[in-house]
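Please keep the structure open in your viewer, with selection by chain and residue number at hand.

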Amino acid sequence: MVHVNSALLAGHALGQDDALDAADQQHLASCSHCRAELDQYRRVVTLGQGTQASETPTPPLDRIWRSIQAELAPPSATEEIAATKTMMADSAPPVTANDRPASDVPRNDETANDKPLSVVAASDETTDAGGEKPIPGRRRKWWPIVAAAAALGLVVGAGATVIINRNDVQVAASTPLTALPGQTGHGTAELLRTPNDPELRVSVDGPQPADRYREVWLINSDGQRMYSLGVLPESGTGTYPLPTLLANGLDGFTIVDVSIEPYDGNPAHSRNSQVRGSLPE
Amino acid sequence: MRARRVDWRNASDSDLAAGFSDGDDSCLEESFKRWGSLIYTIAYRALDSSSEAEDVTQQVFVGAWQGRTSYQESKGSLPGWLLGIARHRIADRQRARARDLKVVRAATSQANVKVESQPLVTLIDRLVLVEEIQRLPHPRGTILRMAFWEGQSYSQIAERLQLPLGTVKSHARRALRQLRVRLEEVTSWST
């Protein structure tokens with residue numbers, strides 16, 4: 001069977017009424033292949049005719065390209081940190097705090113406005129801000145160091161300030177983690193001062209849903225930026241070094257969030273949080 | 001790794017894709033030049049927000065570059081892949097908005113919620129077509145634009161362009177066939 005010439009089908013779709021002769025018409029009536037091709041041409045005509053150059057603003061391509069380059073800058077710690085500081089100062093989109101802005105995360109203002117806790121100053125220890133930790137935003141390097149600390153069995157209540165001497169480790173601040181609407185579970189997050197970089201110890205007592213993993217995040221109270229600290233082990237307890245930029249203070253990254261993540265390869269926050277709490281600044 | 005600073009401006013999409021997945025960063029730049037504007041425009045029209053369109057565009061190219069080793073030409077063209085990523089990113093944001101809207105509606109008992117006016121896939125196809133129509137070379141591009149957007153008949157076009165009617169018609173057919181192939185190449189991505 002000889003199909004109708006493609007050019008003629010295109011002409012027919014374009015409304016060129018002399019494109020098809022009687023034999024072509026007859027063939028078309030009985031040939032699904034040719035009708036399918038004609039339908040595709042018609043779709044292009046319909047879409048094309050209904051579409052004009054529109055009122056879309058000129059894309060700020062230079063700015064977007066600079067942001068892309070900044071986000072993909074080589075992992076030289078000094079460069080990236082400098083870049084990060086600049087961007088934070090410009091309140092640019094979250095380039096190093098990877099993924100989506102924290103404003104995408106379901107809000108829980110009750111938790112965010114939790115009672116203030118007092119921060120205990122580090123005694124005679126100074127934190128080492130010049131560590132060689134990987135810079136934030138490259139989360140593969142932020143997998144957690146599983147804590148042995150759970151063995152201590154600490155209980156820290158809301159509003160309480162507790163100093164525990166585990167050799168050189170002090171709890172500088174803590175917050176209870178409470179379940180978000182529709183979730184169950186509770187826990188504790190503690191900011192630890194160590195002879196090296198500060199760490200965050202997170203302990204969650206609550207179910208880990210099947211076929212999901214949990215991830216610990218530090219979200220800025222400006223609602224714009226967040227860091228992924230790493231995966232929460234199934235045991236529900238993990239200790240995470242803080243991003244180097246936060247070694248001398250949380251700088252607004254006070255909200256501790258534990259999210260439930262599907263194994264979908266998407267590094268962004270799933271927007272499905274199990275528990276959350278807020279550390280004092 | 002290819003030699004750096006190859007001039008990719010005249011490279012085919014397919015060669016560009018190969019350089020891209022090899023990790024040649026000048027291919028990332030050329031890809032951005034070719035499709036950055038299109039992706040921004042799609043995101044802008046879908047989300048009606050220039051800042052979100054900027055974010056999406058940035059995420060698409062950063063994500064594509066970071067995931068370049070997972071690109072397989074057998075599954076579709078490079079622009080098809082980029083548009084696929086864009087579609088997911090835009091859909092994520094639309095879902096988030098729908099959820100916010102639901103919360104607002106639940107809180108205020110408002111029954112009227114604005115519904116998306118056209119499916120994202122249709123919007124993408126439309127905007128890809130605009131771009132392709134604008135890129136068609138003279139005279140076939142001129143002819144098709146006059147026919148599609150100015151509503152002129154073929155004989156009017158023939159008169160204005162001082163071309164035989166048959167020539168005008170066959171240019172229009174060739175243009176349409178080219179658009180159909182191009183739309184298929186650019187938008188099909190098998191995920």
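The model is a predicted one, in which local features need pLDDT of at least 70 and side-chain atom pairs count only at pLDDT 80 or more, while totals for chains, interfaces and linings use all residues. Residues are numbered from 1 along each chain as its sequence is written, and chains are lettered from A and ligands numbered from 1 in the order in which they are written.

**The sheet of chain A**

Eight strands of chain A form an open sheet in the order 5-4-7-8-1-2-3-6, with antiparallel pairing; two strands count as paired if DSSP finds at least two bridges between them. Strand 5 (226-232) and strand 6 (237-241) of chain A stand at the edges, each with a single partner strand, so one side of each is left without a neighbour in the sheet. From one strand to the next, the twist averages 25°.

Next select residues 170-179 of chain A, which are strand 1, joined by eight bridges to strand 2 of chain A in the antiparallel sense. Within strand 2 of chain A, A:Leu192 is the residue opposite A:Val171. The two strands make a hairpin with six residues between them, and A:Gly182 in the turn has a positive phi of about 85°.

Stay with strand 2 of chain A, residues 186-193: seven of its eight residues are buried, so this strand is largely enclosed by the rest of the structure. Here a residue is buried if 20 or more other C-beta atoms, placed from the backbone, lie within 10 Å of its own, exposed if 12 or fewer do, and partly exposed in between. Strand 2 of chain A is also joined by seven bridges to strand 3 (residues 199-205) of chain A, again antiparallel, and these two form a hairpin with five residues between them.

Then move to strand 7 (residues 255-262) and strand 8 (residues 273-278) of chain A, which pair antiparallel over five bridges; A:Val256 has A:Gly277 in strand 8 of chain A as its bridge partner.

**Chain B**

Now select chain B, whose secondary structure comes to eight helices and zero strands. Of the 191 residues in chain B, 40% are buried.

**Where the chains meet**

Finally, show both chains together: the contact takes 31 residues from chain A and 32 residues from chain B, two residues being in contact if their C-beta atoms, placed from the backbone, lie within 7 Å. On the side of chain A that touches chain B, helix 1 (6-13), helix 3 (32-49) and helix 4 (61-71) of chain A each give two or more residues, and the largest share, seven residues, comes from helix 3 of chain A.

How do helix 3 of chain A and helix 5 (residues 120-135) of chain B pack? They pack at an angle of about 85°, with their axes 9 Å apart, the axes being lines fitted to C-alpha atoms over the stretch in contact and the angles running from 0 to 180 degrees between N-to-C directions. To display this contact, select A:Val44, A:Leu47 and A:Gly48 of helix 3 of chain A together with B:Asp125, B:Arg126, B:Leu129 and B:Ile133 of helix 5 of chain B.

Technical notes: Helices (H or I, at least four residues) and strands (E, at least two) are DSSP runs, numbered from the N terminus.
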